[in-house]
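Please find below a colleague's note on the structure under review, arranged as numbered points. Each point may be checked against the displayed sequence and structure.

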Amino acid sequence: MNDPTTPTRTVDAVVLGAGVAGLYQLHQLREQGLTVQAFDAAGDVGGTWWWNRYPGARFDSEGYIYQYLFDEKLYKDWSWSQKFPGQPEIESWLHYVTDRLDLRRDIRFDTRITAAHFDEDRDRWLVHTDRGDVVDCQFFVSCAGMLSAPLHNIEGAQDFAGQLAYSSSYPAEGLDLAGKRVGVIGVGATGIQIIQTIAPEVEHLTVFARGPQYALPMKNPSYSTEDKERYHARFDELRETIPYTFTGFEYDFEHVWGDNTPEQRRAILEEIYADGSLKLWLASFGEMFFDQEVSDEISEFVREKMRARLRHDPHLVETLVPTDYGFGTHRVPLENGYFEVYHRENVDLVNCRENAVARIRSEGVELTDGTVHELDVLILATGFDAGTGSLTRIDVRGRDGRSLAEEWGRDIRTTMGLAKHGYPNLLTTATPLAPSAALCNMTTCLQQQTEWITEAIAALRAEGKSVIEPTAEGEDAWVAHHEETAGATLVANTTSWYLGSNVPGKPRRVLSYIGGVGTYRQKCADEAAHGYPAFTRT
């Protein structure tokens, strides 16, 4: 048995995760000449796109912008079959990137990092895994993802006698749902994709809706050879524009509410709605995030579309159409035939705001009033401990043995979402207070964050220094800026996983920086250009 304090390997950097961020981070650090070991609990590369194999899983960002933009040939040698490709194709793309860059040799799969402790005497991290590895490294880089710690928070799941699957770890071989009584708990982005996909094949589907969601229709055309050539030819344009837009998508807010008449506003909303993408959320009227009257009018426009497709059925409308928060202040899913599912004779919808899920029993789902829905299969699309969960489930300890889980349990703070005061050489992506998941195309944001980390390490080494750590003052300043930015929006007044509201006891804070992807990029660039004033480097 290995001595828990004796390293089994010594490297320059350990990278946690082999998804979109981890793969690119590994590549960049290796190109810099560092020895790097990456670990992932999954069986192969892909991160989100390895774990989320549930029926209907697909992009809701256009495939041609959900790509790496650092290598033109890497970009152009891959072509998507559709505008919004499905999970198998996305996973294949990540295999293509991995093999093209020869990354697999430095990744250890089926291995979960369980602890990371900073040794102040040597300014090194000791990283422990569930396989008995103890890796001595200078830099510990987390690319674990914003949504990678699933919530298993419904009592009795272990008692269910049928087949139970979490959307976040759906079996790769799938489940045989034909002729089965199937239940789905959750109607967020994941639940919507599952429900609209499986409804035609199951004998009976019971949907347990805990909170209504605005949703936009997805138009997902297949790509011809000409379509592929057209977006390949836009590589330079996309590389020069996408990283600087408000949300990291190719489109940006083009219209000003006050410059248009009511008739013009309606025409603009109708035109953008018909695009069949997230454009209504991310490129219509930016005032919807700040001005309650604008939010109310756009929200009612979307509700009107939803009510019409639900045929104004009182139960469906009451259960599925939001009225207590504004469009765009929560995650907005795309759907394809989702609302029509509820008109099928084999589908029942349960309003769990009025009658909550109490527990799971051996035979099915029990509600608060004692009603039991008997099921053969139960799929839980119950969300994540967003932002913090990927690291708080690991025993991360910094200076003086301080615990990251304990600190974030009191107050969620970072410096630009890239580092944490008291944790030297811990560098992070997709953590709180950086753009991630909320109002951000993930590949755009993750590329920028990993590139900043790579450049910070290169600058540190070039100066003959070995440790980088945020100052307390630098962290205070960033938290204050983040709070001022978030507090100016309507998002801060809502209740959702954007603020950690789905996790009991979690400190309330808008988890993602929502001041704009381009603005954040510039602030990060300024920090580096001025010699990292918010950090100590020794």
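1. In this predicted model, R413 and D476 form a salt bridge whose closest N and O atoms are 2.3 Å apart. R413 lies in the loop between α14 (404-410) and β18 (426-428), whereas D476 belongs to helix α16 (residues 472-487), so the pair ties together parts that are 63 residues apart in sequence. D476 counts as partly exposed, at 44% relative accessibility.

2. Side chains of opposite charge can pair when their charged atoms come close. The structure holds 44 salt bridges, and two further examples are discussed next.

3. A salt bridge also joins the side chains of R359 and D159, with a distance of 2.8 Å from N to O. Here R359 is in strand β13 (residues 357-360), while D159 is in the loop between β6 (134-142) and β7 (163-166); the two residues are 200 residues apart, and the pair links distant parts of the chain.

4. E304 and R266 provide another salt bridge, in which the closest N and O atoms are 2.8 Å apart. This pair connects two helices: E304 is in helix α10 (residues 292-309) and R266 is in helix α8 (residues 262-273), 38 residues apart. E304 is partly exposed, with a relative accessible area of 34%, and R266 is partly exposed at 31% relative accessibility.

5. Strand β13, which holds R359, is also part of an open sheet of three strands in the order β13-β14-β15, with antiparallel pairing. Which strands stand at the edges of this sheet? They are β13 and β15 (372-374); each has a single partner strand, so one side of each is left without a neighbour in the sheet. On average, neighbouring strands of this sheet are turned by 25° against each other, direction ignored.

6. Strands of a sheet pair through backbone hydrogen bonds, either parallel or antiparallel. In this sheet, β13 pairs with strand β14 (residues 364-367) in the antiparallel sense over three bridges. For I360, the bridge partner in β14 is V365.

Methods:
Residues numbered from 1 in each chain as written. Predicted model: local features only at pLDDT ≥ 70, side-chain atom pairs only at ≥ 80, totals over all residues. Heavy atoms only, no water. Salt bridge = Lys/Arg side-chain N within 4 Å of Asp/Glu carboxyl O. Helix = DSSP H or I, 4+ residues; strand = E, 2+ residues; numbered from the N terminus. Buried < 20%, exposed > 50% of the residue type's maximum accessible area, 1.4 Å probe, protein only. Pairing = 2+ DSSP bridges. Axes fitted to C-alpha atoms, helices over the stretch in contact; angles between N-to-C directions.
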